[in-house]
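Please keep the sequence and the 3D view at hand while reading.

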Amino acid sequence: MLKIALIAHDRKKDEMVNFVTAYEHVFEGHKLYGTGTTAQRIMDGTKLDVHRFMSGPLGGDQQIGALVAQNEMDFIIFLRDPLMAQPHEPDIIALLRLCDVQGIPCATNVATAELLVRALDRGDFGWRELVHKYKPGIE
């Protein structure tokens with residue numbers, strides 16, 4: 001079971017719900033996390049359970065970032081709106097930077113998200129199980 005974060009900016013929430021609905025059969029065997037309204041909308045539109053963090057602007061991106069920093073998140077789908085300025089842009093950039101630091105796959109558009117989910121469906125994320133198995137303890 002992988003830990004997957006689902007985040008979407010306001011104008012991308014419908015797209016996220018449609019995407020998760022299309023791949024509900026893939027997501028159902030995994031632990032899902034999401035920011036505020038995105039998580040609620042996914043739960044309302046599917047039979048999936050999503051752990052809800054705060055909304056992105058109120059710290060939800062940072063809550064997910066904390067899991068990424070500890071290498072506790074396996075991949076992220078973050079449907080960003082590239083045409084709208086976000087008031088919490090520094091938090092978004094910090095989350096993406098943490099994904100790069102930890103080597104956590106992060107899709108920022110539906111095309112890349114589909115590649116990740118199809119890889120998940122094929123079982124191509126076995127390497128993440130090894131990361132967790134051999135993860136050093138925090139001292």
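## The largest pocket

Strand β1 (3-8) and helix α3 (36-45) each supply at least two residues of the lining of the largest pocket, and α3 gives the most, with 3 residues. Helices (H or I, at least four residues) and strands (E, at least two) are DSSP runs, numbered from the N terminus. The model is predicted, so that local features need pLDDT of at least 70 and side-chain atom pairs count only at pLDDT 80 or more, while totals for chains, interfaces and linings use all residues. Residues are numbered from 1 along each chain as its sequence is written, and side-chain values use heavy atoms, with hydrogens and water left out.

The lining is made up of 16 residues, and those nearest the pocket centre are Asp10, Lys13, Gly56, Pro57 and His88. A pocket here is an open set of points on a 1 Å grid over the protein atoms alone, where a 1.4 Å probe fits, with protein on both sides within 12 Å along at least five of seven lines; lining residues have an atom within 4 Å of a point.

## Aromatic rings

The structure holds 4 aromatic pairs, a pair being rings of Phe, Tyr or Trp (its six-membered ring) with centres within 6.5 Å, called stacked if the planes are under 30 degrees apart, edge-to-face if over 60 and tilted otherwise. Tyr33 and Phe53 form a stacked pair, with 5.9 Å from centre to centre and 15° between the planes. This pair links distant parts of the chain, since Tyr33 belongs to strand β2 (residues 31-35) and Phe53 to strand β3 (residues 50-53), 20 residues apart.

Tyr33 counts as buried because its relative accessibility is 10%, where buried means under 20% relative accessible area, exposed over 50% and partly exposed in between (1.4 Å probe, protein chains only). Phe53 is also buried, at 15%. Elsewhere, ring pairs link Phe19, Tyr23 and Phe27 into a cluster.

## Two further buried residues

Thr35 has its place in strand β2 and is buried, with a relative accessible area of 4%. Leaving aside residues up to four places away in sequence, Thr35 touches several others, among them Leu6, Phe53, Gly56 and Ile64, contact meaning heavy atoms within 4.5 Å.

Asn71 lies in the loop between α4 (60-69) and β4 (75-79). The phi angle of Asn71 is near 60°, a positive value in a residue other than glycine, and Asn71 counts as buried at 14% relative accessibility.
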